[in-house]
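Take a look at the model below.

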Amino acid sequence: SVTYRTHPAPPVTAAFLVANTSTEEGRLQLFKEWVKIHPDIMDAGSAGFWPYSGTQFFLTLMAMGNPPTNPKATATLQGFYDKIATIPGVSIDLEVTKPYTGFQQWYDDNFIHSQNGIGFNYTIGDFSGVPAAVSSVLIPRTSFKTNTDDLAVALAELTDARPFLVGGGVVSKVDPDAMAVNPAFRSMLSDITIALSWNVTTATPQEVHAVEQTVTDWANGIRDVTKSPGAYVNEAEILIPNFQEAYWGNHYPRLRAFKQSIDPNDLLIVRQGVNSEGWDDEIMCKTL
């Protein structure tokens, strides 16, 4: 038998923004304001997606309740809108707040039936079914609070990224050692994802490697500022430095001990997986 625990599906309030920048200085100032207010946005009860590409910056955020149960949610976000509207070289092309009956309605409109979506089009805005090199960096709250300008510069240097504001709140209140997930998740606010693709029919192995190296170089630019080796294991980076610390932090030695005990012959093994350091990069031959 199976027991399911269900919860009410409360209404949500979603906020959408599309901003365009016509100058590099304006773009940088927009990022500085976003980094500065980032912790306040989360503390006011909002979470979501803040992709950017070229001259465009998007927000798709969500707060529980309609109106939001946190009384600061709307005012905090409006303060950010008002601030960036005064930056020379920044224009706000779209600013919408919309109530939904629950997460499912929001998801259906913006991911399934994208003709009903607002702002960033998730159906065509993110590629799928193509080869890609990806990376992830968990950006801690301290970087947003104390390293504002340097982090903004590092973010602005990327021409394209898909960051998620999914940390803080109850995520930060869980005992870091209560489960195997990287403890870095408990102190992060956003997970920034970087992805680049190549032409599957014409790219040479050298060109593929060059794309992989570019992704790691871009991620290293963020890591150099945040000093955070943490990454989301579902966005594995083929050239990531020290995958053990990146994916599992100080939990790795215990996980490796479990793996060696349960699967001493490495029947189940993948590159950058637990206990894979004893194999070559193609997971064909043992090296230890």
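Strand 2 and strand 7 (residues 160-165) run antiparallel and are joined by 2 bridges. In that pairing, F49 stands opposite F164 of strand 7. Keep in mind that this is a predicted model.

Strand 2 has another partner. Strand 2 (residues 46-49) also pairs with strand 4 (residues 56-64), in the antiparallel sense. Here there are 4 bridges. A47 has M62 of strand 4 as its bridge partner.

The table sets the two pairings side by side.

| Pairing | Bridges | Facing residues |
|---|---|---|
| Strand 2 with strand 7 | 2 bridges | F49 and F164 |
| Strand 2 with strand 4 | 4 bridges | A47 and M62 |

Now the helices. How do helix 1 and helix 2 run relative to each other? Their axes cross at roughly 170° and come within 10 Å. Angles over 145 degrees count as roughly antiparallel, so helix 1 and helix 2 are roughly antiparallel to each other. Helix 1 covers residues 24-43, and helix 2 covers residues 73-84. On the helix 1 side, the contact is made by L30, E33, W34, I37, D40 and I41. Helix 2 supplies T76, L77, F80, K83 and I84. These contact residues divide into 7 nonpolar, 1 polar and 3 charged.

Finally, pick out V208. This residue sits in helix 7 (residues 205-226). Is V208 buried or exposed? Its relative accessible area is 17%, so V208 is buried; the cut-off for buried is under 20%. Leaving aside neighbours within four places in sequence, V208 is in contact with W198 and A203. P131 lies 77 residues away along the chain, yet the C-alpha atoms of V208 and P131 are separated by 9.5 Å.

How values were computed: Residues numbered from 1 in each chain as written. Predicted model: local features only at pLDDT ≥ 70, side-chain atom pairs only at ≥ 80, totals over all residues. Heavy atoms only, no water. Axes fitted to C-alpha atoms, helices over the stretch in contact; angles between N-to-C directions. Parallel < 35°, antiparallel > 145°, perpendicular 65-115°, else oblique. Contact = heavy atoms within 4.5 Å. Nonpolar A, V, L, I, M, F, W, Y, C, P; charged D, E, K, R; others polar. Pairing = 2+ DSSP bridges. Buried < 20%, exposed > 50% of the residue type's maximum accessible area, 1.4 Å probe, protein only.
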